[in-house]
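This report describes a single structure for a reader who has not seen it before. The sequence and the model are shown first, and the description follows.

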Amino acid sequence: IVQVVVIEVNIEEIMTAAGEMRQYQVVGRKAGTDENPNPEAYRMVIFAPNPVAAKSKFWYFMRQFRKMKKTTGEILDCVELVEKNSRTVKNYGIWLRYDSRSGTHNMYREYRDLKLTGAVSQLYNEMAGRHRCRPRSIQIIRTATLGAGELNRPNGAQFAQRKVRFPLPHRVHSAKRGQKALSDRTFTTVRPTTYFG
């Protein structure tokens, strides 16, 4: 007796941006026929949480660009791309397109992170928070590593200076052993002073 287990996969569950996104290189082509036994192969770099979602996104985009779909094509290779140097902070520029409730918009964003996948994860989280954008409606067009002089956004540019300082204008004295923080009383009518010039 052979038991067959069928697992239904919901695309909505796959394309949640839970955790860090990964970068995949997917290579696919139209299945060979008698007229064309060796058709042209297409390579695509895709950000997805897992290889199943990466292959699904590959067929989503291929349907738009060529007369190909999953039933008439085949995946030749799906490999995860890993960044060589993930020990230094880099500036990333991301060009994207997303569907909002009112229409389709182009956008450019900048992030600072150790890895490109970390910057893309920040992008998905920020688009969800600021624009209520679902992961399935975001299409990343292009990514680039930027130098300090190429930054356009002030948030990233303030950290890309040569002498970066992180002053602590407001400090709270923490409790030491046998001593309470800020005051000797649990309840007081005066707010604590945290600014020490």
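Arg130 counts as exposed, because its relative accessibility is 60%, over the 50% cut-off. This value, like the others in this report, comes from a predicted model. Arg130 forms a salt bridge with Glu126, and the closest N and O atoms are 2.7 Å apart. Both residues belong to helix 3, where they are four residues apart, about one turn of the helix. Arg109 joins Glu126 and Arg130 in a network of salt bridges.

In general, side chains of opposite charge can pair when their charged atoms come close.

Arg29 and Glu74 meet through their side chains in another salt bridge, with 2.7 Å from N to O. This pair, too, links distant parts of the chain: Arg29 is in strand 1 and Glu74 in strand 3 (residues 73-81), 45 residues apart. Is Arg29 buried or exposed? Arg29 is buried, because its relative accessible area of 17% is under the 20% cut-off. Glu74, with a relative accessible area of 28%, is partly exposed.

Three strands form an open sheet in the order 2-1-3, with antiparallel pairing. Strand 2 (41-48) and strand 3 stand at its edges with a single partner strand each, so one side of each has no neighbour in the sheet. On average, neighbouring strands of this sheet are turned by 25° against each other, direction ignored.

Strand 1 pairs with strand 2 in the antiparallel sense over eight bridges. Gln23 has Phe47, in strand 2, as its bridge partner. Helix 2 (residues 51-65) packs on the sheet and touches strand 1, strand 2 and strand 3. The direction of helix 2 makes about 125° with that of strand 2.

In soluble globular proteins, nonpolar side chains tend to be buried together. Here the largest nonpolar core has 16 residues, and those with the most contacts inside it include Ile94, Leu96, Val120 and Leu123. Strand 4 (90-99), strand 5 and helix 3 are the elements that give two or more residues to this core. Helix 3 provides the largest share, six residues.

Tyr98 is also one of the residues with the most contacts inside this core. Leaving aside neighbours within four places in sequence, Tyr98 is in contact with residues including Thr104, Met107, Met127 and Ile138. Another core, of 13 residues, lies apart from the largest one, and among its residues are Val26, Met44, Ala48 and Trp59.

## The loop with Asn152

Where is Asn152 found? Asn152 is in the loop between strand 6 (138-146) and helix 4 (154-157). Asn152 is exposed, with a relative accessible area of 53%. Not counting residues up to four places away in sequence, Asn152 touches Tyr108 and Glu110. Asn152 and Gly93 are 59 residues apart in sequence, and their C-alpha atoms are 9.5 Å apart in space.

Note on methods:
Residues numbered from 1 in each chain as written. Predicted model: local features only at pLDDT ≥ 70, side-chain atom pairs only at ≥ 80, totals over all residues. Heavy atoms only, no water. Salt bridge = Lys/Arg side-chain N within 4 Å of Asp/Glu carboxyl O. Buried < 20%, exposed > 50% of the residue type's maximum accessible area, 1.4 Å probe, protein only. Contact = heavy atoms within 4.5 Å. Pairing = 2+ DSSP bridges. Axes fitted to C-alpha atoms, helices over the stretch in contact; angles between N-to-C directions. Core = buried A, V, L, I, M, F, W, Y, C linked by side-chain atoms within 4.5 Å.
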